[in-house]
There are 2 protein chains.
Amino acid sequence: MPDAHVQNVNPLDLIFRPRSVAIIGASTDPKKLGGLPIYFTKKRGYKGKLFPVNPGAAEVQGIPAFPNLKAIGEPVDCVVVAVPANLALKAMEDIAEARVPVAIVFTSGFAEVNEEGRLLQVKLLEIARQGGVRVVGPNSMGSYDLTSGFIAHFGSAFDHHNGQGWPRVAPLAIASQSGAVGSHLMVQLRERGIGLTKWISTGNQGDIDIAECIDYLAGDPDTQIIAAYLEGAPDGKRLVAALEKARRAKKPMVVLKVGASEAGAAAIATHTASLAGSDAAFDAVMKQHGVARARSLEEFADFTAAATTGLFPERPEAVIVSMSGGVAALMADAASATGLKLPPLPKGGQDTLKKIVSFAAVTNPIDTAAPGMADMGILARMMEVPLEHGYPAMVGFITHLPLTASLFDALKPKLVALRAKFPDRTIAFSCYTLPEHRAFFHENKFIAISDPWTTVAAVAALAQMRQALERAPAAAQPVPAAAPAPRDVGVGEVAAKQLLAALGIPVLPERLAKNAKAAADAAAALGLPAALKIASEDIPHKTEIGGVLLNVATPQAAAEGYDTLIARAKHAKPDARIDGVLVSPMLTGGVETILGLHRDAVVGPVVMFGIGGIFAEIYRDVAFLSPPFGKDDALKMIQSVRGWPLLAGARGRPKADVNAIADALVRLGAYAAKYGDQIESFDINPFVVRQEGKGAVALDALLIARNQTQQRH
Amino acid sequence: MPDAHVQNVNPLDLIFRPRSVAIIGASTDPKKLGGLPIYFTKKRGYKGKLFPVNPGAAEVQGIPAFPNLKAIGEPVDCVVVAVPANLALKAMEDIAEARVPVAIVFTSGFAEVNEEGRLLQVKLLEIARQGGVRVVGPNSMGSYDLTSGFIAHFGSAFDHHNGQGWPRVAPLAIASQSGAVGSHLMVQLRERGIGLTKWISTGNQGDIDIAECIDYLAGDPDTQIIAAYLEGAPDGKRLVAALEKARRAKKPMVVLKVGASEAGAAAIATHTASLAGSDAAFDAVMKQHGVARARSLEEFADFTAAATTGLFPERPEAVIVSMSGGVAALMADAASATGLKLPPLPKGGQDTLKKIVSFAAVTNPIDTAAPGMADMGILARMMEVPLEHGYPAMVGFITHLPLTASLFDALKPKLVALRAKFPDRTIAFSCYTLPEHRAFFHENKFIAISDPWTTVAAVAALAQMRQALERAPAAAQPVPAAAPAPRDVGVGEVAAKQLLAALGIPVLPERLAKNAKAAADAAAALGLPAALKIASEDIPHKTEIGGVLLNVATPQAAAEGYDTLIARAKHAKPDARIDGVLVSPMLTGGVETILGLHRDAVVGPVVMFGIGGIFAEIYRDVAFLSPPFGKDDALKMIQSVRGWPLLAGARGRPKADVNAIADALVRLGAYAAKYGDQIESFDINPFVVRQEGKGAVALDALLIARNQTQQRH
């Protein structure tokens, strides 16, 4: 076990702000993997103790070196491993022996390469686990904290601009599974004038993963905004809990996640040995937790930079003020696509603007027309007037104006005054800038993004973040005591439906008939025409063996049907254990929907809702939520599918009982919140929704529990 | 009429390369709207004659001025109008009187403002038309040609960089309805090191529109690539013909079009008084003509810059070589989304790469791993090996490497050698660059784009352009002589179906019954059960009045049905002229599709195909083609809808007779090619497709011809 002084310290504190560090594989060459951390840490003025470990050198970059860890002879908080893969196991043994609590492993050649590498990684981590060593990596580009000055990093970016490549210090943290993506983001932000404090790359995530980093950063006083890149998550439930912790701490997050396509998923499997999960489920869970999702690197940097202004619109509404009518229209398209509303400027404001430029467009978007391009007083006033009318956000398109010094110099003081008058509003500009222009925007908390579509998308993302950050936490509903745990639910339809009934989710009345006579009686009692289905644990997919008979019109036909189904089942699967035949009344009308509960490879248990049948199959018209969630969330989920008009009563169709769906989803969500880890999948399909007030019923269901071996991975 | 010397000259030649020009409203202030064209034209060294017209000045910016046009006393090729709206009509009268063939009207305050402005514009153009003056604008930011030196433009961009804002001369032309968008694009390209020759903004397009510009540029020897921004098109058929002319001239085009959303469409209506049209139809027609469509300004600049390399992949295939595994996955997602294939590197190549870096990912995407980030020889070799294996394109992610001078200086000669070895391949880099780095990429015909997703999208766009540019032109099929012109097709279902029959598009057999007995006979003859429909020109929407009876089982029921329908029709519309009742056999099974022909506000006549019923209604699952097109195009269109699996025979469904749909679409396309202008809409819905070999039939159809007044607008 580590020494007493670090026993109650979060391992990430020791990674970012250790009092003493050793570098195994320390290089005398400050440009090499084992030399760069020493070079940068010295340069940054780290105040702790720095111990290079190199058996072949008495000193490294001017610092006394040690042949091995033990020779240091005093406690070390954190070790960086910068040796080749064949020496990494020995290094970890030394670390464990020296009772160092954390290790950052740069070394690659593990699970990201092949099965042999995977086994090597398992060994490495087992040594660490037994020695009580928490590990970042392997295959990590390290970490740094610009205020502690410990730069456990081998990227080249700090040497840019003739060695002046340090970004400014700011309350932003970057946690990236990929070191290159994290490094690229840092550079993009730095070039926009945006700084950070903490940076970490988790690599293969053999131990410490992005979820643990987010959890830590959610509680870190130096961090107000978190930017994360991830490819996979070993424990989705923990990831979602960390997102929720950040949300409750009111720390906005921007995330980039790849692997939406088959090719992309295959690429990340070879990169950091991660599983990609369902992109739609990931997307939904991010939205639910107020995390803005970027689609590529530029958007990642632009959204993150926008969040660092700390000004989030209190409503998803904005005014657009554009020096180009064409770009005004483009921005209106973007607002429509990203959910940013553009309420018209009130009449009084329109009149004021018309007095300034009679032929300007003054509703919203506002098009300044040519006078706004030539006279900076007019331009600034056209931005000021709508802000006076209360818009929480303004998005301005000022084209390449910053490149015309005479105009930009005239505009700047007016914009400073605008900021002073409206200190809390989100003010974003889309414009072409050169690096020298960016400080002005940054200092005035103006968002400056080149692309107008992305500018609007960033403002929309900020508004959605604020809404999500201010939402009260969803409480998990209690699960009825009568509902068994997944492992105690039997196999097959009958057992799954009993669970539904216990959860309070309506199920079509049915009886299990053990003989032909009982089938006829059941059909007569439950109502004709009837539906008959074979009931057997060993036949989960009944239609494939002809195990379903619909529209059975008479009790006599039901009796014959019983015999038919038993015969078919015995023929198709002679060894199948057959419970009998399920008899239920035929249900006519209503809309078929699907409810489901799945364990996603990245975000863990998710509840799914979709329009049923061919719509789900071909149009993938489904929506997701991470449990727990409330009824309002469920109603929003139902309304978010494209097929919503089918339920909403469009074109003379009856309005469906949406309330009954939402109620069932909440009950399913409660079960998911409690038992999601123990479930592989739970499908309720079809779940037929009748017209408003008439409820909804499950016609079929199937639960597949996870076995305990699966749960450990 | 203009003088003889310009009679056979294209008006756009006179706009770009006039021998003499006059500026009405010439200003002595070189920063004003009426001063900038003189200032820039002088500065650019225009060799023709320049006549400032200003009644209050003897000279303007050092050039002798004239009180009016007439006072010039010699022929003028082109006039720029830079006076306020209240003086524009008088100016145009003078231009007409002076027999000047073309005028560029900067003046705004016309159709883009309000109805009053629209009427003023009509007057302005009527004066021009009567005087034989072709007009650019009004509300235009003008035009320029960097080689003639005539800069009829009032933007500020040439004064950037301390007056060194001229882009280089290159065979690119920009035609933009919006001056600000066109100017922004020029600046973005210039900053990327990309030049152009011709630039024009058509503004309100009162006369010369983007279609005419494209048509001109397609034949212009100084133009190899065309970038166009448009909001609307007064004549879609002419626009499509211009696109086809550019395609046949093998001139790649990039287009930006806004107004996809309701808010965006409203914004362009107030901007240049254009109608937005259907975004999906526009998109399809651009694809069909090999035009790459950008979604925002950055993409517009990036795609255009990529096209200026002149290197278009001969197949939509590429290899990705990334310094980041995460970005490799992101790029694989982008390739999947944009239709760029990533075939695996052949085994021999993989072995070669494995020998260089044993733990690199070597299939495709290739992940260089850390050695590729540190050793430029390794990085270059990892790009060279796949190119040796024949990939037509390489997309490399080299993060912020250009900012590390020591690495970039080492890489540059290797990339120059790579270009020398593969002079015809598309080679694109995604990387963070500063302005000083861009010349290197440009000079070596390397594409350099910051965002990795956009980089992949640009390469995909280049490949699609090449495929489209190399395709043989589609020939219009002849329309059968028996098919009447739209104005000669009667109103209602019966007439529309007769047209279908004449076109050779199968129609369900039916008879028009004039009394109950005839209905019974028809039902018996055509096959039972039958379908009955009221037939009346005055009742186009039959179901709304209960005018359809389905599953009529007996001749007796058909006779009763006749009476029911007549009674319902008379009750609902007492004045309706009633032809009788249509009797047809009931059709069971098959897949409902929709075929249509619509006149789009931007691209003119388009043929539509979609999956029918609720799919078209809720999921908008439709595809478009501009006529003429061949059967191969029709088959691709059918396969492009999301509901294609419904026809393809997925999940045990019978395979549908896709051939029969394609055949009908081609016949509809031929009719559209001949008569598209004369049709408002022609819907064949449902068009029921039976299983393979069993054909398809139209169950209902409706044609709405355009009246001749409409055709003029």
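## Helix H6 of chain A

In H6(A), the buried residues are Gly179(A), Ala180(A), Val181(A), Gly182(A), Ser183(A), His184(A), Leu185(A), Met186(A), Val187(A), Gln188(A), Leu189(A) and Arg190(A). Since 12 of the 13 residues of H6(A) are buried, this helix is largely enclosed by the rest of the structure, which is a predicted model throughout. The packing around the buried residues of H6(A) is provided by strand E10 (172-176), strand E11 (198-201), strand E12 (225-230) and H11 of chain A, together with helix H12 (325-338) of chain B.

The length of H6(A) agrees with expectation, because 13 residues at 1.5 Å a residue should span 18 Å and the end C-alpha atoms are 18 Å apart. Just after this helix, Gly193(A) adopts a positive phi of about 85 degrees.

## Chain A as a whole

Chain A contains 26 helices and 29 strands, and its C-alpha trace spans about 95 × 80 × 40 Å along the principal axes. Of its 713 residues, 59% count as buried. When contacts in chain A between residues at least 6 apart in sequence are considered, 72% of them join residues at least 24 apart.

## The pairing of chains A and B

In the predicted model, 72 residues of chain A are in contact with 72 residues of chain B. The elements of chain A that give two or more residues to this side are helix H6 (179-191), helix H9 (262-272), helix H11 (297-307), helix H12 (325-338), helix H14 (369-374), helix H18 (452-470), helix H22 (614-619) and helix H24 (644-648). The largest share, 11 residues, comes from H12(A), and by class the side of chain A that touches chain B has 37 nonpolar, 25 polar and 10 charged residues.

Leaving aside neighbours within four places in sequence, Pro645(B) is in contact with Ile618(A) and Ala650(B). With 15 C-beta neighbours inside 10 Å, Pro645(B) counts as partly exposed, and its C-alpha atom is separated by 9.1 Å from that of Lys655(B), 10 residues apart along the chain.

## Nonpolar cores

In soluble globular proteins, nonpolar side chains tend to be buried together. The largest nonpolar core here has 486 residues, and those with the most contacts inside it are Val81(A), Ala103(A), Ile214(A), Val81(B), Ala103(B) and Ile214(B). Beyond its neighbours within four places in sequence, Val81(B) is in contact with Ile24(B), Gly25(B), Ala88(B), Ala91(B), Ala103(B), Ile104(B), Val105(B), Phe106(B) and Thr107(B). A second, separate core of 22 residues includes Ala531(A), Ile539(A), Leu565(A) and Val581(A).

## Helix H16 of chain B

Helix H16 (residues 405-421) of chain B has 17 residues and reaches 24 Å from its first C-alpha to its last, close to the 24 Å expected at 1.5 Å a residue. Within H16(B), a kink of about 25 degrees lies at Lys412(B), shortly before the proline Pro413(B). Its buried residues are Leu407(B), Leu411(B), Leu415(B) and Leu418(B), and what covers these buried residues of H16(B) includes helix H15 (376-388) of chain B.

How values were computed: Residues are numbered from 1 along each chain as its sequence is written. Chains are lettered from A and ligands numbered from 1 in the order in which they are written. This is a predicted model: local features need pLDDT of at least 70, side-chain atom pairs count only at pLDDT 80 or more; totals for chains, interfaces and linings use all residues. Two residues are in contact if their C-beta atoms, placed from the backbone, lie within 7 Å. Helices (H or I, at least four residues) and strands (E, at least two) are DSSP runs, numbered from the N terminus. Ala, Val, Leu, Ile, Met, Phe, Trp, Tyr, Cys and Pro count as nonpolar, Asp, Glu, Lys and Arg as charged, and the others, Gly among them, as polar. A residue is buried if 20 or more other C-beta atoms lie within 10 Å of its own, exposed if 12 or fewer, and partly exposed in between; C-beta atoms are placed from the backbone. The expected span of a helix is 1.5 Å times one less than its number of residues. The bend at a residue is the angle between axes fitted to the seven residues ending there and the seven starting there. A nonpolar core is a set of buried Ala, Val, Leu, Ile, Met, Phe, Trp, Tyr and Cys residues joined through C-beta atoms within 7 Å.
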